[in-house]
Amino acid sequence: MRTSCPICKSRSHKILKTMRFAIPEYFHLPNHYDVVVCADCGFCFAATEAAMEDYEHYYEVCNFYSGVPEESEGKLMLDQKLAGLVEKVVSPEDSLLDIGFGAGNLLRLLKQKGFHNIFGLDPSEDSVARIREEGITAYLGSVFDEPDGSLRRRFDCVLLIAVLEHLLYPESSVRHISDYLKEGGKLIISVPNYADLFDDCSLIANHFNQEHINYFSPVSLDNLLNANGFYKMENSDANVGDMGTEVLAVYCYTSNKRSFERVKDDVCHKSIAEFFKRNDNLEKAIDEEILSSNLYASSLCTRGGGVQCENVSLLKTHASEHEYKRPVYIWGTGAYTMWLLTNTLVGKLNIKAFIDNNPTRVGKELDGKRIISPDEIEPDIPIIVCVMKCPEKVADQIERSGITNPYYLLRGTHREGV
Ligand SMILES: [Zn+2]
């Protein structure tokens, strides 16, 4: 169980919010954690009951990053920005290691740009096998392990993109990462900027979910890295559309101890508290949305502009007695759905099955119900689309693949008009 601050080791903290999710059993992760702020250094993190081996299991077995290439606009934008940053500080001859490369999009992009001395390290056998097929050398390994002898002090640059926010013990990981670098080597990092949630109107599960357990700001990132021989060369914020704001930073590594002063982060917890405050009424708003969605009307849905139906008022009046007995499908089994199941009426619906395109999830269970592929959908049963990013893509898939079931896109209405 992680209760002391991963950066300064202080045991004193304040709880900002307790998060609850419906976590599938095969994840081996707890279904709740406290989001806390360290009283000493101001770092915000999840005080979670999960142990190291739980997360190792999760990222080895429940790897969702290799199978489906990430196509979100924000991710593509971030990859372009990162490639630009690499071109600026690393030459094409330099050796470069992408740790936790996942689907490998950035490695692929760098290869296209003429970088030929590039390597990957990832805990997923799938990810490693896939990128090797494309002629990029990749190693199976975890950021928690000591580097293999042949890889020590070998690289001019290490990329750590969308990794640090996932790690239970970021400090020991950063120490291992420094072992891959030559003296004076560069570390290029990208993490979500939790000090910049003041205007963020995304859904709560976008930032607080079973994977994101460290909530960095530029200040806390410095605190972590300065203590481990890294000093910052360059820093920039990148607004990456549907993903929010990222901190992109380039650090230089030296094995000579440099003195540093830890700076208390006073902004991040305020940014997070404001984000939570804005989300306070979200549960209620989503319940309202479900009740007024024409969910059970046979002619319901957004299809053809939506048809008004008397069943809406019926459902509203008799909501409690009705108990939502008619079966529905839920499309989507990600962090948003796990949050909806525990915090909204979605958890009270009579769910026949969950639908997911991701082959690594099909056949598994969530909340005691089977996860099926779109091919297995039975006719007439309404589908509620619970997808955080681009639900329109699912609507498009439904329309194009000739699925005639009524469907409804559950968006979370607090985002409207913002
Ligand atoms: Zn601390």
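**Packing and pairing in a predicted model**

Mentor: Buried residues make up 44% of the 418 residues in the protein. The model is predicted: local features need pLDDT of at least 70, side-chain atom pairs count only at pLDDT 80 or more, and totals for chains, interfaces and linings use all residues. Residues are numbered from 1 along each chain as its sequence is written.

Trainee: What makes a residue buried or exposed?

Mentor: Count the other C-beta atoms within 10 Å of its own, with C-beta atoms placed from the backbone. With 20 or more the residue is buried, with 12 or fewer exposed, and in between partly exposed.

Trainee: How many helices and strands does the protein have?

Mentor: The secondary structure comes to 13 helices and 17 strands. Both are DSSP runs, numbered from the N terminus: helices are H or I with at least four residues, strands E with at least two.

Trainee: Why is H2 called oblique to H3?

Mentor: Helix H2 (residues 73–89) and helix H3 (residues 105–112) pack at an angle of about 50°, with their axes 10 Å apart. That makes H2 oblique to H3. Under 35 degrees counts as roughly parallel, over 145 as roughly antiparallel, 65 to 115 as roughly perpendicular, and the rest as oblique. Axes are lines fitted to C-alpha atoms, for helices over the stretch in contact, and angles run from 0 to 180 degrees between N-to-C directions.

Trainee: Which residues of H2 and H3 meet?

Mentor: Asp79, Leu82, Ala83 and Val86 in H2 meet Asn105, Leu106, Leu109 and Leu110 in H3. Contact needs C-beta atoms, placed from the backbone, within 7 Å. These residues divide into 6 nonpolar, 1 polar and 1 charged. Ala, Val, Leu, Ile, Met, Phe, Trp, Tyr, Cys and Pro count as nonpolar, Asp, Glu, Lys and Arg as charged, and the others, Gly among them, as polar.

Trainee: What makes S1 and S9 edge strands?

Mentor: The open sheet has 4 strands in the order S1-S2-S3-S9, with antiparallel pairing. Strand S1 (13–20) and strand S9 (214–215) each have a single partner strand, so one side of each is left without a neighbour in the sheet.

Trainee: How do you know that S1 pairs with S2?

Mentor: Two strands pair if DSSP finds at least two bridges between them. S1 and strand S2 (residues 32–38) are joined by 7 bridges, so they pair. Lysine 17, for one, has valine 35 in S2 as its bridge partner.

Trainee: What joins S13 to S15?

Mentor: Strand S13 (residues 350–355) and strand S15 (residues 369–372) pair in the parallel sense over 2 bridges. Isoleucine 355 has isoleucine 372 in S15 as its bridge partner.

Note on methods. Two residues are in contact if their C-beta atoms, placed from the backbone, lie within 7 Å.
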